[in-house]
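This report describes selected features of one protein model. Please look over the sequence and the structure before reading on.

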Amino acid sequence: MRPFAIIVMSLLAVSPLSAAEPITERIAPCLACHGEKGTSETDITPSLGAQQPAYTLIQLYMFREKLRIFEPMNEMAKELTDDDLRIFSDYIATLPKPVAQDGGDPARMQAAKALTSQFRCDSCHNADFAGRDNIPRIAAQREDYLAKTMREYKDNSRHGYDATMADVMQPISDAQIVELAYFLARVK
């Protein structure tokens, strides 16, 4: 079993979710992996700070209903009610936005910024990549998570609630994915 899954399962065993507990206690197991202050320090685990509530709500629903498969998250979400999903989503939106990595190499950042325009990343995720509505914040997201996610959309192993990202990723090369992830992880 992967270390991440072991951590999540042990947190579940110690801290069962209960509607009677305040949200700060109920969400603690989530933040153990996703970052207490909005920025994940766990490999290939997304930062959740300032994430769009509608996007988070959809993702939690998809995990609960096993429309998106990642066993630790499926396990965490399986007992959540619709009200719980809304409460968690709204709370996550109040967390501080993720802390961007270093400023990066200026030439590399400029070239990758051009890719975001070429592939129109900024038209859906906004010019500041903060997202909107059901489109996620990708600014200052973990670089490893961004690259993994884009590759999964490209090879169709990650299914969204619609096919938009799978379609968008088709013409993007792996080298461009690396550059896009590098850039987006450093957007402040």
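C30 is buried, because its relative accessibility is 17% and the cut-off for buried is under 20%. The model discussed here is a predicted one.

**Cysteines**

C33 is buried as well, with a relative accessible area of 3%. How far is the sulfur of C30 from the closest cysteine sulfur? The distance is 8.7 Å, and the closest sulfur belongs to C33. Seen from C33, the closest cysteine sulfur is in C30, again at 8.7 Å. A disulfide is a covalent bond between the sulfur atoms of two cysteines. To count as one, the two sulfur atoms must lie within 2.5 Å. The sulfur of C30 is therefore too far from that of C33 for a bond. The structure as a whole holds zero disulfides.

**Helices α4 and α6**

Helix α4 covers residues 53–64 and packs against helix α6, residues 82–94. Their axes are 8 Å apart, and the angle between them is about 140 degrees. That angle makes α4 oblique to α6, since only angles over 145 degrees count as roughly antiparallel. The crossing of the two helices is right-handed.

On the α4 side, the residues that meet α6 are P53, T56, L57, L60, Y61 and R64. On the α6 side, they are D82, L85, R86, F88, S89, D90, I92 and A93. Sorted by class, this contact has eight nonpolar, two polar and four charged residues.

Helix α4 also contains Q59. Is Q59 buried or exposed? Q59 counts as buried, because its relative accessibility is 8%. Leaving aside residues up to four places away in sequence, Q59 touches R68, R158 and Y161.

**Helices α9 and α11**

A second pair is formed by helix α9, residues 143–154, and helix α11, residues 174–186. Their axes come within 8 Å and cross at roughly 140 degrees. The two helices are therefore oblique to each other. The crossing of α9 and α11 is right-handed.

Which residues of α9 make the contact? They are E143, L146, A147, M150, R151 and K154. From α11 come D174, I177, V178, L180, A181, Y182, L184, A185 and R186. The residues of this contact divide into 10 nonpolar, no polar and five charged.

**Summary**

In this predicted model, C30 is buried and so is C33, yet there are zero disulfides. The contact of α4 with α6 includes two polar residues, whereas that of α9 with α11 has no polar ones.

Technical notes:
Residues are numbered from 1 along each chain as its sequence is written. This is a predicted model: local features need pLDDT of at least 70, side-chain atom pairs count only at pLDDT 80 or more; totals for chains, interfaces and linings use all residues. Side-chain values use heavy atoms; hydrogens and water are left out. Axes are lines fitted to C-alpha atoms, for helices over the stretch in contact, and angles run from 0 to 180 degrees between N-to-C directions. Helices (H or I, at least four residues) and strands (E, at least two) are DSSP runs, numbered from the N terminus. Angles under 35 degrees count as roughly parallel, over 145 as roughly antiparallel, 65 to 115 as roughly perpendicular and the rest as oblique. A crossing is left-handed if the near helix is turned anticlockwise from the far one by less than a right angle, and right-handed if clockwise. Contact means heavy atoms within 4.5 Å. Ala, Val, Leu, Ile, Met, Phe, Trp, Tyr, Cys and Pro count as nonpolar, Asp, Glu, Lys and Arg as charged, and the others, Gly among them, as polar. Buried means under 20% relative accessible area, exposed over 50%, partly exposed in between (1.4 Å probe, protein chains only).
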